[in-house]
Amino acid sequence: MTEVMQTPRIKRMTAAPAWGESDAQPDGHVPPGPIHEKWQKHRFAMKLLNPANRRKYTVVVVGSGLAGGGAAAALGELGYNVKCFCYQDSPRRAHSIAAQGGINAAKNYRNDGDSVYRLFYDTVKGGDFRAREANVHRLAELSLNIIDQCVAVGVPFAREYGGLLDTRSFGGAQVARTFYARGQTGQQLLLGVYQALERQIERGAVTMYGRHEMLDLVLVDGVARGVVARDLVTGAIEPHAADAVVLCTGGYGNVYNLSTYARGANATAVWRAHKRGALFANPCFVQIHPTCIPVKGDYQSKLTLMSESVRNDGRCWVPVKPGDTRAPGAIPEAERDYYLERMYPSFGNLAPRDIASRAAKRVCDEGRGVGPGGLGVYLDLGDAIRRLGEDVIRARYGNLMEMYEDITGENPYRVPMRIFPAVHYTMGGLWVDYNLMSNVPGLFVGGEANFSDHGANRLGASALMQGLADGYFVLPATVPDYLARAGSVPLSTDHPAFRTATAEVEDRARRLLGIHGSRTVSAFHRDLGKLMWDHCGMARHDAGLREALARIPELREAFWRDVRVPGEGGELNQELEKAGRVADFLELAELIVTDALHRTESCGGHFREESQTPEGEALRDDAHFSYVAAWRHNADGPPVLLKEPLVFENVPLAVRSYK
Amino acid sequence: MNLTLKVWRQEGPQAPGRFETYAARDIEADMSFLEMLDIVNEGIILAGGDPIAFDHDCREGICGMCGLVIDGLAHGPRQCTTCQLYMRNFRDGDTITVEPWRVRAFPVVKDLVVDRGALDRIIAAGGYVSAGTGSAPDANGTLIPKPDADAAFDAAVCIGCGACAAACPNGSAMLFTAAKVSHLSHLPQGQPERYARVVRMVERMDEEGFGGCTNHGECAGVCPAKIDMGVIARLNRDLLVATLKGGG
Ligand SMILES: Cc1cc2nc3c(=O)[nH]c(=O)nc-3n(C[C@H](O)[C@H](O)[C@H](O)COP(=O)(O)OP(=O)(O)OC[C@H]3O[C@@H](n4cnc5c(N)ncnc54)[C@H](O)[C@@H]3O)c2cc1C
Ligand code: FES
């Protein structure tokens, strides 16, 4: 069925219930036993393949970030035949490269009371009790190995004068467990992964498909057996058969148009897989990061993050009086409201992201925001500069300060920086079990693309940890176990399933090119982004969400009627690439809003105005919502909700307080 | 401000290229160079034309995907990536020339997009530590003096954009290659393969059709990651030792 034909059905949906429900519960396949023994025992129970036989198995890995690149290299080292895809020209450009602040690990090198259990505990609590305990514990265990592996491949982490690794503290934690490489931790980690990947490419173990975009997943008898990808240079649409498919395609935050993601970041791989049957979990859990450079104008194409590590030394404030337009330097101490320190005395400026973002929104809503449109707060390094000297601050954050000055034309050593929250990360994603396999056999999902270990809110420096845990250690164990059990079943791309999928992908490109409408793809993307930010952003309520649910299908219909995609399909066509991505955002947006509408509690980054404490803090509803919302696509009606219950046996359910 | 752009248009690797002129109107000082091109492209599309193809992704100066020769300078006048160049560096009425990287080893794909696969292949020739996943000793098991770690980091920040080769009169990728050699040779983990690595990477660089380095220094002058020419001296030293050792 085509998107154009679907529209009337979806329009009807707004009158009828926006979703259906099923009693079926997705099985997380969590191994039995005490939490700290699960992973080790599970690994021992895995089936192994004889090294001589591994080459017969082909694994398609889509994505070359920390998760995909790590998995592709590790599976190549093990002897599997790996095909790795990315849409950029080189695997080194995956958006993991942009991570600034650091990566967590429970090494306890500082002797400040850290442990695997504490990292596990902090992450479950930080995620507002909406993550699966067993996965999080495994993540905390593997964090130890990650740092070892990174150092072994030459990641130049920051060091102390004695030659030991340096660490710092990061939002939401009271121990210094964050390892970093100046303000470029993601870059250095990804280059470590990339170099290992290039080594396997040179060996012939991995074939790299750069400038290729996966446009569909191919199922044979209900099992994932390959992908259809477009060669972005020639435009050729090509089938690739495999014994298992691994998606590590990053997050879907660009549904909101303006975000800290790369411009090319997209949801196409996961959305196509969803339409082929993979469950999509907790799509409304979107992280809005408190410290980004505010929007300047309509032309803006991206929002830039100022690493929250700056909050270690910077203090957030706004004027006490609404509408105070004096320059920051002219506002005396007594007339400044250091609102995070006031509201959350024990965590202060290091309060977790969801909390810090909402606090910024609240003071701006009170008319106390600064800068154009009152949509900004100060992040002031003045005290730290006076205390430590400009040189120390430059050594810590030099590259961030330069970036800020380049973008805003203001010198942050003289004038406090202005920041505002922006879409940054998606906790939701394709549903996976303990093995990181989706409900579709043979389809694995790693990194930010899965619904992951972060519950309803991710703590700083935990995504890099999860990407590498999935890529280096989990997938290279669970994918071979699956292959050993499934056995090698030869498959040619002449199979009808490939021919149908390829024809559908070609047809979609032809339709996009044939509309010849009057508006650009970017114009539609801007409209969608604004709609989502206004109605499904930092604070959500029933009426706003229902309005979005009515308007998204209208926008989608307008897109398919009036978009203009120039050029041809058989060539490098960047507008066609964008059009396909925005078309998918226009569908995913509706699921995000539906999920947000159904979850009438507030938790983590999902704040429902109807569900708050008298002080305005998020109010969870564990009695009704202690589950993973896993959505099934339904071609003939509204999406269907399946619930995976969450059981907390180790970390007692508690109100998350950072006061 | 209003500007005139002279942009290199080329339909494909074999097609002949030419400059086309476009007007960029109502450009604001706070826009990035790429946001300015976005606006020009939206205008071209609505007028029924074929938009200018150019590479970009992160738009925050770190992925290395963007790269244009602006008024004859790789990444333009500010020694930053093209995406981090802001229009406040231009004046109302300026005419700006925009070209792709012009390097023999980087064939043009379309318009301003080039194929930089040769850089990946230089890394594949040896720009890594051969440490398989899962076999690593404790991270603090080997102490690394802070100055060494810092020197390794300073070289490791290369973003792989290829501006060095685009700026070099010989089309050499020496700064790129030397940055990786230098990064790994400053670390204990990089020692076992140190001399074999430098030989293989330099050989690959030659095979890929990059020119030789004659120490012009243009590369370091445009490098957005501020990689220092010192890395080239270090590469040359290592290469000499490797030759004395008999090819590593
Ligand atoms: C500015 C910024 C700063 C951050 N800082 C931190 C930090 O300090 N600490 C931390 O822990 N986390 C941080 N994060 C989050 C973290 O960087 C990401 O969550 C993580 O790196 C994602 O890794 P990944 O491997 O899942 O995906 P990515 O690195 O995003 O890789 C996605 C890959 O998929 C490919 N791909 C996508 N779609 C397709 C398709 N359809 N076809 C083919 N290929 C496709 C891409 O080409 C790419 O190779 C930050 C994020 C941002 C944006
Ligand atoms: S777009 Fe990533 S460096 Fe410019």
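Before I show the two helices, a word on terms: axes are lines fitted to C-alpha atoms, for helices over the stretch in contact, and angles run from 0 to 180 degrees between N-to-C directions. Helices (H or I, at least four residues) and strands (E, at least two) are DSSP runs, numbered from the N terminus.

What you see is a predicted model, in which local features need pLDDT of at least 70 and side-chain atom pairs count only at pLDDT 80 or more, while totals for chains, interfaces and linings use all residues. Residues are numbered from 1 along each chain as its sequence is written, chains are lettered from A and ligands numbered from 1 in the order in which they are written, and side-chain values use heavy atoms, with hydrogens and water left out.

Helix α7 of chain A (residues 185-203) packs against helix α2 of chain B (residues 117-124) at an angle of about 85°, their axes being 8 Å apart. The two are therefore roughly perpendicular, a label for angles of 65 to 115 degrees. In this contact (heavy atoms within 4.5 Å), A:Tyr194, A:Gln195, A:Glu198 and A:Glu202 meet B:Leu119, B:Asp120, B:Ile123 and B:Ala124.

Turning to ligand 1, 38 residues surround it, with a heavy atom within 4 Å, and because they come from chains A and B, the site is shared between chains. Among the polar contacts (pairs of N or O atoms within 3.5 Å), an oxygen atom of ligand 1 is 2.5 Å from a side-chain N or O atom of A:Ser96, and a nitrogen atom of ligand 1 is 2.7 Å from a polar backbone atom of A:Met214.

Definitions and conventions
Polar contact = N/O pair within 3.5 Å; in protein donor to acceptor, adjacent residues only side chain to side chain. Parallel < 35°, antiparallel > 145°, perpendicular 65-115°, else oblique.
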